[in-house]
There are 2 protein chains.
Amino acid sequence: MASYQVGDSLPELRVTPDAGLPRRYAEASGDMNPIHIDEEFAKSVGLPGCILHGLYSMAQVARAHTEAAGDPLALKRLAVQFRGMGFPEQEIRVTATVKAVEGDRVVTATEAAQGDNRIIRNGEAEFTA
Amino acid sequence: MASYQVGDSLPELRVTPDAGLPRRYAEASGDMNPIHIDEEFAKSVGLPGCILHGLYSMAQVARAHTEAAGDPLALKRLAVQFRGMGFPEQEIRVTATVKAVEGDRVVTATEAAQGDNRIIRNGEAEFTA
């Protein structure tokens, strides 16, 4: 059992999705929107290129917590705001800081960023530890 | 532009993940925990078999909203509670009911279930319409 105190940081998770990731995530998640998998289409609607699925980035936020907890079933609640577009071939960094502890429940403030581009903000996660 | 009123239901999303889905989602999301991809391991820890990733089910909740909005960038906020384990080869049904409308922002109460097994509960989503 891990022991957490308010103010603790969870281990940072860093992951760099490769160029083919959005297509694989599209096929696995069922979200085949062309802005994720069709470079020409993405550019035609004003994007610099294919963008990551927001839920892929959210999955990394979840993973930072389940890995910290050491239990894939530990995550009980997750809330995020989607505030920026993420791109393949750029490192995603997930950070989380403990903001409350009640018994075996730990609540964090969490976000995901690519450089200065904070793609997921105001996240809140609750897990058992 | 869609027009929503409090009490409206979004189109229901139904999807049945096949037996190979957890492995594909694992590889695409980076969450390779064996409870999702190793039947023997899953059984050894008391599960009836491999379970779905919670974030896969959450992705279906997100998709119900982006498809209703007709815009993959419409989803601004998503919060869920993970309350049951989902399984491949069983239909997931995502339902959402509008509980607030403010300008172009629509807020729903949403959940995902497999039969009577409500795997994602107390969901709240906000999207632009």
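D104(A) touches T128(A) and A129(A), leaving aside residues up to four places away in sequence; two residues are in contact here if their C-beta atoms, placed from the backbone, lie within 7 Å. D104(A) sits in the loop that links β3 (92–102) and β4 (105–114) of chain A. Helices (H or I, at least four residues) and strands (E, at least two) are DSSP runs, numbered from the N terminus. With 12 other C-beta atoms within 10 Å, D104(A) is exposed. A residue is buried if 20 or more other C-beta atoms, placed from the backbone, lie within 10 Å of its own, exposed if 12 or fewer, and partly exposed in between. S3(A) is 101 residues from D104(A) along the chain, yet their C-alpha atoms are separated by 8.9 Å.

The model is predicted: local features need pLDDT of at least 70 and side-chain atom pairs count only at pLDDT 80 or more, while totals for chains, interfaces and linings use all residues. Residues are numbered from 1 along each chain as its sequence is written, and chains are lettered from A and ligands numbered from 1 in the order in which they are written.

Chain A contains four helices and five strands. Along the sequence they follow the pattern β-α-α-α-α-β-β-β-β. The C-alpha atoms of chain A fill a box of roughly 50 × 30 × 20 Å along the principal axes. Of its 129 residues, 40% count as buried. Among contacts in chain A between residues at least 6 apart in sequence, 64% join residues at least 24 apart.

The two chains share one open sheet. Its ten strands are ordered β1(A)-β3(A)-β4(A)-β5(A)-β2(A)-β2(B)-β5(B)-β4(B)-β3(B)-β1(B), with antiparallel pairing. Strands pair if DSSP finds at least two bridges between them. β1 (13–15) of chain A and β1 (13–15) of chain B stand at the edges. Each has a single partner strand, so one side of each is left without a neighbour in the sheet. The twist averages 15° from one strand to the next. Axes are lines fitted to C-alpha atoms, for helices over the stretch in contact, and angles run from 0 to 180 degrees between N-to-C directions.

α4(A) packs on this sheet. It touches β1, β2, β3, β4 and β5 (117–128) of chain A, together with β2 of chain B. The direction of α4(A) makes about 40° with that of β5(A). Helix α4 (residues 54–69) of chain B also packs on the sheet, touching β2 of chain A together with β1, β2, β3 (92–102), β4 and β5 of chain B. Its direction makes about 40° with that of β5(B).

α4(A) has 16 residues and reaches 23 Å from its first C-alpha to its last. That is close to the 22 Å expected at 1.5 Å a residue, the expected span being 1.5 Å times one less than the number of residues. Of the 16 residues of α4(A), 15 are buried, so the helix is largely enclosed by the rest of the structure. Just after α4(A), G70(A) takes a positive phi of about 75°.

Within chain B, β2(B) and strand β5 (residues 117–128) pair in the antiparallel sense over six bridges. L78(B) has A125(B) as its bridge partner in β5(B). Strand β4 (residues 105–114) of chain B runs antiparallel to β5(B), joined by nine bridges.

Across the chain boundary, five bridges join β2(A) to strand β2 (residues 75–82) of chain B, and the two run antiparallel. R77(B) is the bridge partner of Q81(A). The contact takes 27 residues from chain A and 27 residues from chain B. On the side of chain A that touches chain B, α1 (21–29), α4 (54–69) and β2 (75–82) each supply at least two residues. The largest share, eight residues, comes from β2(A). The residues of that side divide into 16 nonpolar, five polar and six charged. Ala, Val, Leu, Ile, Met, Phe, Trp, Tyr, Cys and Pro count as nonpolar, Asp, Glu, Lys and Arg as charged, and the others, Gly among them, as polar.

A rotation of 180° with 0.0 Å of shift along its axis superposes chain A on chain B (RMSD 0.0 Å). That is the relation of a two-fold axis. Copies are superposed by least squares on the C-alpha atoms of residues with pLDDT of at least 70 in both. Of the residues of chain A, A79(A) comes closest to the rotation axis, at 1.9 Å (C-alpha).
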